[in-house]
Amino acid sequence: MTTGDARVPEPLPEGLRTATLLRRTAQLAAVGLIGILLISTLPGLGEVRERFAEADPGWLVVLVALEIASVLSFVAVFRGVFCARMDWGFSYQVGMAAQATNVLLPVGGVGGLALGAWVLRQSGMSTERIARRSVAFFVITSAPNFICAAVFGFVLVSGVGPGAGPAALTLALALLATAAIVTVSLLPWILSLFDIAPGAAEAEAGRMRRTVRLVRVAAVSAGQGVADAWVLLRTRRPGVISGAVGYMAFDLAALGAAFAALGGPPPFAAFVFAYVIGQLGGLIPLPGGVGGTDGGLIAAMTLYGSPLAQATAAVLAYRSVQLGIPVLLGSIAFVQLRRTLARGGAPAALCEPVTGPLPVMHLPPR
């Protein structure tokens, strides 16, 4: 896609339109109010209510500050991966709006990338670059989670430290995380064995079914995106590594602050591992991951040594901040972003080319 093509207005995808996002915001607010009502009134939750009543306000302030640092780290890694030449103000608007979309659309983080892709197309970035850098962004921001799952899983299995949890489950999850890391790392090489080339699927349009062509094009984008991720990590782009680590580390520290506010932090290794596997609950398609992520984190923290009442109170306090800050800041950024796009121009049209050669994969004729 040329720069001129990028300036042709495209309709915002149905799921990302203002009315849809407002409806999702109302649903999320309703769920939050219902949760507060249930915690305040249901019998059997007295200890949870006591935890909230005795919360340390200083640690709650730290919780908010750490979560703000996490969402700003997201902006940094977003800019570093997609285009380090983009203006910081524009990068902030896109990154924050994407995070708000991730909260409001229950599609495992894909909603934010979809919004970012649409905005970057309107602002002059090529479709090819968006596709491969979206893969690179997902790989880079997911890497700290998988690395922590592997490292701390094996640490817990070795018996180091308290809160080890069930050894068989811990080992299985650590092995799965390790397998995922190895598979993704080798993906470009694996695809090169099949000799898949950019554009090959389109060239065979008359001989292949559309679904097969789409799968092969997706495979090309995935392989190139992983290769881009390796290039970005090897060249140590400012903001990429620090942003990706900060995005997870500050969020993890925010949950730790919630625990400290409500009774004290759990054992470190078990806490990190439980945080990583508990986040898998967010894959359940619920607005903001409400119910899925909360339940996953509470279950994981309890399984790895935290008292149930403390885990419940800490996770709920953390999640209210983790969801609230992106929605608040992201909603403001979304309004600013629409104004930026309405002024025209192409702030993402002059992005730098990929540094270093990327593998070219050719597909043999069928």
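The dialogue below goes from the whole protein to single residues.

Guide: Keep in mind that this is a predicted model. Start with the whole chain, then look at helix pairs.

Visitor: How many helices and how many strands does the protein have?

Guide: The secondary structure comes to 15 helices and 0 strands. The protein has 366 residues, and buried residues make up 46% of them.

Visitor: What share of the contacts joins residues at least 24 apart?

Guide: Take the contacts between residues at least 6 apart in sequence; 78% of them join residues at least 24 apart.

Visitor: How do I read two packed helices?

Guide: Two packed helices are described by the angle between their axes and the distance between the axes.

Visitor: Is the crossing of α7 and α12 right-handed or left-handed?

Guide: α7 and α12 cross in a right-handed way. Now find the residues that meet. On the α7 side they are Ile 140, Thr 141, Pro 144, Asn 145 and Cys 148. On the α12 side they are Val 240, Ala 244, Val 245 and Met 248. The residues of this contact divide into 7 nonpolar, 2 polar and no charged.

Visitor: Give me another pair. At what angle do α4 and α15 pack?

Guide: α4 and α15 pack at about 45°, and their axes are 10 Å apart. The two helices are therefore oblique to each other. α4 passes α15 in a right-handed crossing.

Visitor: Which residues of α4 and α15 meet?

Guide: α4 brings Leu 63, Val 64, Glu 67, Ile 68 and Val 71. α15 brings Ala 317, Tyr 318, Val 321, Gln 322, Ile 325 and Pro 326. Sort the residues of this contact and you get 9 nonpolar, 1 polar and 1 charged.

Visitor: How do α5 and α15 cross, and at roughly what angle?

Guide: The axes of helix α5 (residues 88–104) and α15 come within 7 Å and cross at roughly 130°. That makes α5 oblique to α15. Here α5 passes α15 in a left-handed crossing. Residues of α5 in the contact include Phe 90, Met 96 and Leu 104. Those of α15 include Leu 323, Gly 330 and Phe 334. The residues of the contact of α5 with α15 divide into 15 nonpolar, 6 polar and no charged.

Visitor: Now the inside. How many residues does the largest nonpolar core have?

Guide: The largest nonpolar core has 46 residues. Leu 255, Tyr 275, Met 301 and Tyr 318 have the most contacts inside it. Several helices each supply at least two residues of this core: α4 (57–82), α7, α12, α13 (268–278), α14 (292–303) and α15 (308–342). The largest share, 10 residues, comes from α15.

Visitor: Which residues does Met 301 touch?

Guide: Leave out residues up to four places away in sequence. Met 301 then touches Leu 255, Phe 259, Phe 271, Ala 274, Tyr 275, Ser 306 and Ala 311. There is also a second, separate core of 29 residues, which includes Val 77, Phe 82, Val 119 and Val 240.

Visitor: How do I tell whether one residue is buried?

Guide: Use its relative accessibility: under 20% means buried, and over 50% means exposed. Ala 177 is found in helix α8 (residues 167–185). Its relative accessibility is 5%, so Ala 177 counts as buried. Ala 177 touches Phe 146, Ala 149 and Ala 150, not counting residues up to four places away in sequence. The C-alpha atoms of Ala 177 and Ile 147 are separated by 7.3 Å, while the two residues are 30 residues apart along the chain.

Visitor: Where does Arg 237 lie?

Guide: Arg 237 lies in the loop between α11 (210–234) and α12. At 14% relative accessibility, Arg 237 counts as buried. Arg 237 and Val 77 are 160 residues apart in sequence, yet 9.4 Å apart in space, C-alpha to C-alpha.

Visitor: Does Glu 47 count as buried, exposed or partly exposed?

Guide: Glu 47 counts as partly exposed, at 47% relative accessibility. Glu 47 is found in helix α3 (residues 46–53). From C-alpha to C-alpha, Glu 47 and Leu 308 are 9.5 Å apart in space, and they are 261 residues apart in sequence.

Methods
Residues numbered from 1 in each chain as written. Predicted model: local features only at pLDDT ≥ 70, side-chain atom pairs only at ≥ 80, totals over all residues. Heavy atoms only, no water. Left-handed = near helix turned anticlockwise from the far one by under 90°. Helix = DSSP H or I, 4+ residues; strand = E, 2+ residues; numbered from the N terminus. Contact = heavy atoms within 4.5 Å. Nonpolar A, V, L, I, M, F, W, Y, C, P; charged D, E, K, R; others polar. Core = buried A, V, L, I, M, F, W, Y, C linked by side-chain atoms within 4.5 Å. Buried < 20%, exposed > 50% of the residue type's maximum accessible area, 1.4 Å probe, protein only. Axes fitted to C-alpha atoms, helices over the stretch in contact; angles between N-to-C directions. Parallel < 35°, antiparallel > 145°, perpendicular 65-115°, else oblique.
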